[in-house]
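The briefing is meant to be read slowly, alongside the model.

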Amino acid sequence: MNASAADSDDRDPPSLETVFEQTFYELGQASLNVQMQLGLREVGTIIHNANGIAIVSGLPNVGYDELVEFPNGLQGIAFNIDEQSVGIVLLGDYWHLRAGDEVRRSGHVMNIPVGEHLLGRVINPLGEPLDNLGPVSTGKLLPIERPAAAIMDRAPVATPLQTGIKVIDALIPIGRGQRELILGDRQTGKTAIAIDAIVNQRDKNVLCVYCAIGQRGSSVAKVVATLREKGALDYTVVVVAEGNTPPGLSYIAPYAATSIAEAFMEDGRDVLIVYDDLTQHARAYRELSLLLKRPPGREAFPGDIFYLHSRLLERSTHLKATLGGGSLTALPIIETEAQDISAYIPTNLISITDGQIYLSPSLFELGILPAVDVGKSVSRVGGKAQRAAYRGVASDLKLTYAQFEELESFSRFGARLDAATQKIIEHGERVRMSLVQPECSPVSVAEQILLLLSVKAGLFDSIPLSDMPEAESQLLQAVEDIPKAILNKLETEDGIDDGESQSILAVATEALADFITVTADDPKQEPH
């Protein structure tokens, strides 16, 4: 007799209690199957209804997250499974419900329609249209809650996702399959960065999903209008849970949007999803949890708030080639209060994501847009997901910028600065000015490389700051003068060599010659 056989003989037989529980479970499943075959359903009754929550009795076999049906087509999700009752989150207007109304089990979880037909549409988390363009086809359905891809099914993040925003592509690069958090105080331009990233995916074979959670209807309408005006709505799906909707819809909105994006990813497509914003999502979940009398924790959030967002963002990844090689890149947005990035929800998401882009109210007030604080922003994927041409140009840029910010803050005390320090500050001011960019004005890879090389070589150092926007505009028009062979190499993994960099600088010097000459001859210019 071998060891395993001996172990099996020594094992204690199952207790009568275990056998009874197993038999009871099997009988319950058999009974449920018979009921489904005969068209029979379990029916419960509402015993309490308020604030988007219904307490129901009489559904002994209902499962967690199962969809249940109320009168007038209202749906809900089983959230709390107690011994005597079930707490259900309502997904719609619940004013017509009364105690004693019937509730029926559906036998399945919440699903959302997915597929190409959703591109260009504005829908709610239930898959219902909000754009007056007719009904949404329900050809293929996916559950809103799905397990994330296994570790062995994932590939490294190595392909850049160009946002068209100079400061991000150069200093805080984002790769396809990465999760990059955007955080900052209210009205600092968080949504603008995400929309710019979506607009820049035009003709880049990247599909986009924009999920608005708890936003004002006017704000969502403005975003949709911007996407339509820029031609970005053609490759974008907009999922909306407005601020006046029940908290249940705000809770399921990001999960529904992620299932839509995952369907594209599993077809081998590259997808960008924006969650705007997860602060409202966390507040909706806190509201539901407190109404269901779950114990509150820090800042009155329930203890599983961390799991709420981790299971959402873990679904963003880059699949390996044998599974199609698709990717899902996430840009979650979080609103901070009084620049406190150490609050509960921001710290949770910083620990989950692969980096963060922090927007500073101080920079925003100074008109430095986008107001990205380079010192507090980071990409944990970094240069691995950056084009080789960028790595050669922008490798020293972040250090130069950090040194400038430190010296600038020191110089505010009125200390006398030597010539070398003054030169660093003046160069840093031009680096910062070169990274300023208007909203919805994406800059191509070639234009960014041309600009960054010129800044690094100091071609702007003798140009007054007031003339920088005009000089930059003239410089970017000179991209067409760069040899075609060099332009093609900018998009490859090989990058450019020193000789090709000198060729680009020669084009830049010629484009800026008028500004440099005028500056040198202008007696009114302040000395450098």
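What follows is a short briefing on pockets, cavities and helix packing.

The structure is a predicted model, and its largest pocket holds about 910 Å³ of space. Two cavities of 30 Å³ or more are also counted, and helix α14 packs with helix α15 at an angle of about 125°.

**The largest pocket**

- The largest pocket, with about 910 Å³ of space, is lined by 35 residues, of which Gln187, Gly189, Lys190, Thr191 and Ala192 are the closest to its centre.
- At least two lining residues come from each of α4 (190-199), β11 (206-215), α5 (217-229) and β14 (327-335), and α4 gives the largest share, with six residues.
- Sorted by class, the lining of this pocket consists of 15 nonpolar, 11 polar and nine charged residues.

- In the lining of the second largest cavity, five residues are nonpolar, two are polar and one is charged.

**Helix packing around α14**

- Two packed helices are described by the angle between their axes and by the distance between those axes.
- Helix α14 (residues 445-456) and helix α15 (residues 468-477) have axes 9 Å apart, at an angle of about 125°, and therefore α14 is oblique to α15.
- The crossing of α14 and α15 is right-handed, and in the contact Glu447, Leu450, Leu451 and Ser454 of α14 meet Glu472, Leu475 and Leu476 of α15.
- This contact of α14 with α15 brings together four nonpolar residues, one polar residue and two charged residues.
- Helix α13 (residues 419-434) also packs with α14, since their axes come within 10 Å and cross at roughly 170°, which means that α13 is roughly antiparallel to α14, an angle over 145 degrees being counted in that way.
- On the α13 side His427, Val431 and Ser434 take part, and they meet Leu451, Val455 and Lys456 in α14.
- The contact of α13 with α14 has three nonpolar residues, two polar residues and one charged residue.
- Leu451 of α14 is listed in the contact with α15 and also in the contact with α13.

Methods
Residues are numbered from 1 along each chain as its sequence is written. This is a predicted model: local features need pLDDT of at least 70, side-chain atom pairs count only at pLDDT 80 or more; totals for chains, interfaces and linings use all residues. Side-chain values use heavy atoms; hydrogens and water are left out. On a 1 Å grid over the protein atoms alone, a cavity is a set of points where a 1.4 Å probe fits but cannot get out, and a pocket is an open set with protein on both sides within 12 Å along at least five of seven lines; lining residues have an atom within 4 Å of a point. Grid points are joined across faces, edges and corners, and a volume is the space filled by probe spheres set on the points. Helices (H or I, at least four residues) and strands (E, at least two) are DSSP runs, numbered from the N terminus. Ala, Val, Leu, Ile, Met, Phe, Trp, Tyr, Cys and Pro count as nonpolar, Asp, Glu, Lys and Arg as charged, and the others, Gly among them, as polar. Axes are lines fitted to C-alpha atoms, for helices over the stretch in contact, and angles run from 0 to 180 degrees between N-to-C directions. Angles under 35 degrees count as roughly parallel, over 145 as roughly antiparallel, 65 to 115 as roughly perpendicular and the rest as oblique. A crossing is left-handed if the near helix is turned anticlockwise from the far one by less than a right angle, and right-handed if clockwise. Contact means heavy atoms within 4.5 Å.
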